[in-house]
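Have a look at the sequence and the 3D view first, then read on.

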Amino acid sequence: MKLNIRGEKITITQSMKAYITEKLDKVDKYFENPEEINANVLVRIKGLEQIIEVTAPTKRFTLRAEESNEDFYAAVDLVVSKLERQIRKNKDRLNKKYKNVETIEFNLDYDDEETTEENKSSIVKRKNISTKPMDEEEAILQIELLNHDFFVFKNIDEECVSVLYNRKDGNYGIINMK
């Protein structure tokens with residue numbers, strides 16, 4: 001896996017890069033062609049916490065995990081464990097969904113547009129996403145792999161845009177926009 005490691009409010013040393021690379025190499029065994037995956041690793045500091053965020057977009061899905069700890073090395077270990085758990089947890093679902101499919105393009109190609117000082121609106125970040133139509137089962141898979149609270153998708157069953165969200169009781173809810 002090719003890693004793009006960057007720091008926010010922290011300088012990434014060679015030993016930090018080496019540790020991140022060594023640990024994330026363990027995740028390579030879960031991919032058919034790990035050399036084709038460009039993972040983004042963001043290291044940032046919030047108070048005393050060191051936050052490690054890993055996003056690995058693939059052709060079929062996007063993996064994302066974030067962990068924090070006061071110790072940098074512990075945070076890296078936690079985020080790698082979380083990624084491995086996500087992959088193992090969803091292995092059967094992934095195999096079932098993509099068993100007979102050669103290529104599926106699931107790209108969330110988005111552009112981040114930061115607001116400028118001239119723009120005084122309360123919107124501080126804007127994302128434009130484009131995605132392929134999918135069913136609710138695939139949307140559940142994506143929300144789990146991305147580890148997000150909600151997921152917006154084109155619902156092929158309802159023929160509308162839907163928002164899938166995590167409920168407090170551990171289940172999912174759907175909002176359809178027709």
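Where in the chain is the place of asparagine 147? Asparagine 147 sits in the loop between helix H4 (136-146) and strand E7 (150-155). Helices (H or I, at least four residues) and strands (E, at least two) are DSSP runs, numbered from the N terminus.

Before going further, here is some background. This is a predicted model, where local features need pLDDT of at least 70 and side-chain atom pairs count only at pLDDT 80 or more, while totals for chains, interfaces and linings use all residues. Residues are numbered from 1 along each chain as its sequence is written, and side-chain values use heavy atoms, with hydrogens and water left out.

**The overall plan**

The protein has 4 helices and 9 strands. Starting at the N terminus, the elements go β-α-β-β-β-α-α-β-β-α-β-β-β. Out of 178 residues, 37% count as buried. Buried means under 20% relative accessible area, exposed means over 50%, and partly exposed is in between (1.4 Å probe, protein chains only).

Most residues other than glycine have a negative phi. Lysine 9 is not a glycine either, yet its phi is positive at about 65°. You'll find lysine 9 in the loop between strand E1 (2-8) and helix H1 (14-24).

How open are some of these residues to the outside? Here are a few relative accessibilities:

| Residue | Relative accessibility | Class |
|---|---|---|
| Lysine 9 | 71% | exposed |
| Asparagine 147 | 34% | partly exposed |
| Arginine 85 | 45% | partly exposed |
| Valine 161 | 34% | partly exposed |

**Patches on the surface**

Like charges are joined within 9 Å, and nonpolar side chains (Val, Leu, Ile, Met, Phe, Trp, Tyr) within 5 Å.

Lys26, Lys29, Arg85 and Arg88 form a patch of positive charge on the surface. Of these, arginine 85 belongs to helix H2 (residues 72-89). Val161, Ile175 and Met177 make a nonpolar surface patch of about 240 Å², and valine 161 is in strand E8.

**One more loop**

Aspartate 169 lies in the loop between strand E8 (160-166) and strand E9 (172-177). A polar atom of the aspartate 169 side chain is 3.0 Å from the backbone nitrogen of asparagine 171.

Terms used: A polar contact is a pair of N or O atoms within 3.5 Å; within protein, one must be able to donate a hydrogen and the other to accept it, and residues adjacent in sequence count only if both atoms are side-chain atoms. Patches are made of residues with over 30% relative accessible area and no salt bridge: like charges are joined within 9 Å, nonpolar side chains (Val, Leu, Ile, Met, Phe, Trp, Tyr) within 5 Å. Accessible areas come from the Shrake-Rupley method with a 1.4 Å probe; for residues, only the protein chains shown count as cover. A salt bridge is a side-chain nitrogen of Lys or Arg within 4 Å of a carboxyl oxygen of Asp or Glu. Lys and Arg count as positive and Asp and Glu as negative; His and the chain ends are not counted. The place of a charge is taken as NZ of Lys, CZ of Arg, CG of Asp or CD of Glu.
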